[in-house]
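Notebook open, model loaded. I'm going through the contacts and the strand pairing, and jotting things down as I look them up.

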Amino acid sequence: ETGKVTYDTPGVFGGTATVGVTVNKNSNKIYESDELIHNSNRIAGADITYTSRTVALASEMEVLYGVAATEGDDYIIGPDDIPEHWAVGWARKESDGSMTCIWFLWTEPSKGDESDETATDTQTSNPESYTFSASSSPEMREDGKPQMKRVKKVKDAAEAKTFFASVLPTA
């Protein structure tokens with residue numbers, strides 16, 4: 001064991017999506033004689049909300065529960081079937097045609113509430129919502145400080161693909 005975090009081969013989770021990030025801050029205020037003498041707002045983590053209609057059932061089962069299908073696409077999920085951590089990333093297309101690649105290195109996935117309409121023959125599909133709660137990776141940056149997120153601006157989709165393929169160390 002090297003002590004380094006490694007990842008499996010990156011894959012696609014869904015397709016077209018809406019992604020929102022809520023930053024969680026850890027506020028630290030110190031007062032002396034009723035006067036604020038120190039105030040720091042450090043980023044403690046982030047909640048990445050991913051909403052999509054295109055996440056395949058097999059991808060959802062693997063990411064959220066760590067289970068593969070038994071014969072006939074039958075998934076048997078238990079209360080302890082949750083993978084420990086995932087890296088999550090996406091690319092945002094900019095107005096000049098370039099792309100900003102965003103990659104959170106250490107997250108825990110969960111699914112939003114489910115809602116299905118089964119009363120009629122025509123099913124309306126609501127977008128599924130997934131939350132990836134990000135925190136600091138156990139690995140440190142070269143300067144010895146914690147790392148949580150990588151961001152890189154690239155010129156096009158080909159460079160984005162290269163970035164995403166190279167950013168995670170695999171075993």
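**Salt bridges.** I began with aspartate 96 and lysine 153, whose side chains meet in a salt bridge at 3.9 Å, N to O. My cut-off for a salt bridge is a side-chain nitrogen of Lys or Arg within 4 Å of a carboxyl oxygen of Asp or Glu. Aspartate 96 sits in the loop between β3 and β4 and lysine 153 in strand β6 (residues 149–154), so this pair ties together parts that are 57 residues apart in sequence. Aspartate 96 and lysine 153 are both exposed. For burial I use relative accessible area: buried is under 20%, exposed is over 50%, and partly exposed is in between (1.4 Å probe, protein chains only).

**Ground rules.** This is a predicted model, so I note that local features need pLDDT of at least 70 and side-chain atom pairs count only at pLDDT 80 or more, while totals for chains, interfaces and linings use all residues. Residues are numbered from 1 along each chain as its sequence is written, and side-chain values use heavy atoms, with hydrogens and water left out.

**Remaining bridges.** How many salt bridges does a search of the whole structure find? It finds 3. One of them joins glutamate 94 to arginine 92 at 2.9 Å, N to O. Glutamate 94 counts as partly exposed because its relative accessibility is 22%, and arginine 92 is also partly exposed, at 41%. I also found arginine 141 bridged to aspartate 143, with the closest N and O atoms 2.7 Å apart. Arginine 141 has 40% relative accessibility, so I put it down as partly exposed.

**Strands.** Elements here are DSSP runs numbered from the N terminus: helices are H or I with at least four residues, strands are E with at least two. Two strands pair if DSSP finds at least two bridges between them. I traced β1 (residues 18–32) against β2 (residues 35–52) and got antiparallel pairing over 15 bridges. In that pair, serine 27 stands opposite asparagine 41 of β2. The two strands make a hairpin with 2 residues between them, and serine 33 in the turn has a positive phi of about 55°. β2 also pairs with β5 (residues 128–134), again antiparallel, over 7 bridges. There, threonine 49 stands opposite threonine 131 in β5.

**Cores.** Which residues have the most contacts inside the largest nonpolar core? They are Phe13, Phe104, Tyr130 and Phe132, in a core of 15 residues. I count as a core a set of buried Ala, Val, Leu, Ile, Met, Phe, Trp, Tyr and Cys residues joined through side-chain atoms within 4.5 Å. Two or more residues of this core come from each of β2, α1 (57–65), β3 (86–93), β4 (99–111) and β5. A second, separate core has 10 residues, including Ala87, Cys101, Leu105 and Phe163.

I then looked up tyrosine 130, leaving aside neighbours within four places in sequence: its contacts (heavy atoms within 4.5 Å) include Phe13, Ile48, Val55, Glu60 and Leu64.

**Helix α1.** Its buried residues are Ser59, Glu60, Met61, Val63 and Leu64, and these pack against β3, β4 and β5. Glycine 66 follows α1 and has a positive phi, near 70°.

**An outside note.** Isoleucine 43 belongs to strand β2 and counts as exposed because its relative accessibility is 53%.
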